[in-house]
Amino acid sequence: MRKSILTVSVIILTLFTLFSSCSENAQESDFGRLSIKLTDAPFPHELVSEANVTIFKVEARQKDSEDETGFLTLMEDEIEINLLELTNGVTETLVDTDIPVGSYDLIRVYVKGVNVVMTEGETYELDVPSGEQTGIKVFIDPALEVVGGLSNDLLLDFDVSRSFVPRGNYPDYNGFNFKPVIRASNLSTAGTLQGKITTPDADTEIGVDGASVTVYDGDTEITATASGSDGGYAIMGLPAGVYSVVVTKEGFMNSENTEVEIVAANKTVTDFQLSPE
């Protein structure tokens with residue numbers, strides 16, 4: 001059985017929900033409503049208490065644009081976010097504005113003030129390789145079609161476990177490198193996977209905290225999260241299809257389901273039981 005490549009799993013940064021509202025005249029029908037939201041899931045929670053970023057600008061590019069004139073600025077306010085507070089489907093709105101109808105194939109997210117705070121109080125300030133100057137580029141494939149009178153939702157999955165790369169060996173980290181990894185999912189063609197991780201305890205079941213839940217498409221890891229204190233987990237923005245899901249935790253045997261079907265715009269509930277080794 002495969003083991004998750006994540007020692008401690010993390011997912012999600014959301015970013016983006018796009019609403020296109022019905023209009024009463026021709027001019028208004030040329031715009032849709034855009035709301036950008038943020039979410040995430042646990043990082044190495046036994047060692048790290050905060051993974052902070054400041055997002056100060058978000059842009060969207062109209063498809064087939066050849067220069068900077070094709071980019072639309074959606075937000076230019078500084079928003080400080082501890083990604084570890086946004087777990088298992090919890091979101092924070094970043095943008096709520098009207099945008100022109102059309103096709104959008106790229107989001108640029110500008111960040112600064114990136115740092116990691118350890119549970120013992122030590123803080124590591126991280127360099128931002130390009131996010132502050134040119135933005136973190138997130139491609140949308142297929143492009144998001146904004147149509148007047150219809151609603152579209154786009155999720156940006158900020159993979160914290162891959163973006164904050166520890167230096168040194170567990171548990172004696174001596175810093176982190178910031179290498180942002182963000183995945184875009186159109187929520188009109190994607191669904192949510194959620195459920196609970198438990199283990200037998202006498203005649204009952206108890207929730208397992210901090211179990212790694214990793215989603216695979218074939219042999220390719222798509223995303224991952226960790227269960228909360230009650231054993232619950234949620235992964236948003238999975239494109240419709242059939243996936244393998246592997247659950248791991250130190251001291252327990254792995255649990256796997258190779259036929260988890262995700263349905264567009266729906267929730268799939270899949271529970272797992274972990275047996276002690």
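I began with the rings and found five aromatic pairs in the structure. Here a pair means Phe, Tyr or Trp rings (for Trp, the six-membered ring) with centres within 6.5 Å; planes under 30 degrees apart are stacked, over 60 edge-to-face, and the rest tilted. Tyr173 and Phe176 make an edge-to-face pair, because their ring centres are 5.8 Å apart and their planes stand at 70 degrees. Both Tyr173 and Phe176 are buried (under 20% relative accessible area; exposed is over 50%, partly exposed in between, with a 1.4 Å probe and protein chains only). Tyr124 joins Tyr173 and Phe176 in a cluster linked by ring pairs.

A note on the source: this is a predicted model, where local features need pLDDT of at least 70, side-chain atom pairs count only at pLDDT 80 or more, and totals for chains, interfaces and linings use all residues. Residues are numbered from 1 along each chain as its sequence is written, and side-chain values use heavy atoms, leaving out hydrogens and water.

Next I looked for charges over rings (NZ of Lys or CZ of Arg within 6 Å of the ring centre and within 35 degrees of the ring normal). Lys57 lies over the face of Tyr110, 4.5 Å from the ring centre. Lys112 has its charged end over the ring of Phe56, at 5.3 Å from the centre.

Six of its seven residues are buried, so strand 10 is largely enclosed by the rest of the structure. Strand 10 runs antiparallel to strand 13 (residues 182–186), joined by five bridges; pairing takes at least two DSSP bridges. I noted Asn186 as the bridge partner of Leu154.

Definitions and conventions:
Helix = DSSP H or I, 4+ residues; strand = E, 2+ residues; numbered from the N terminus.
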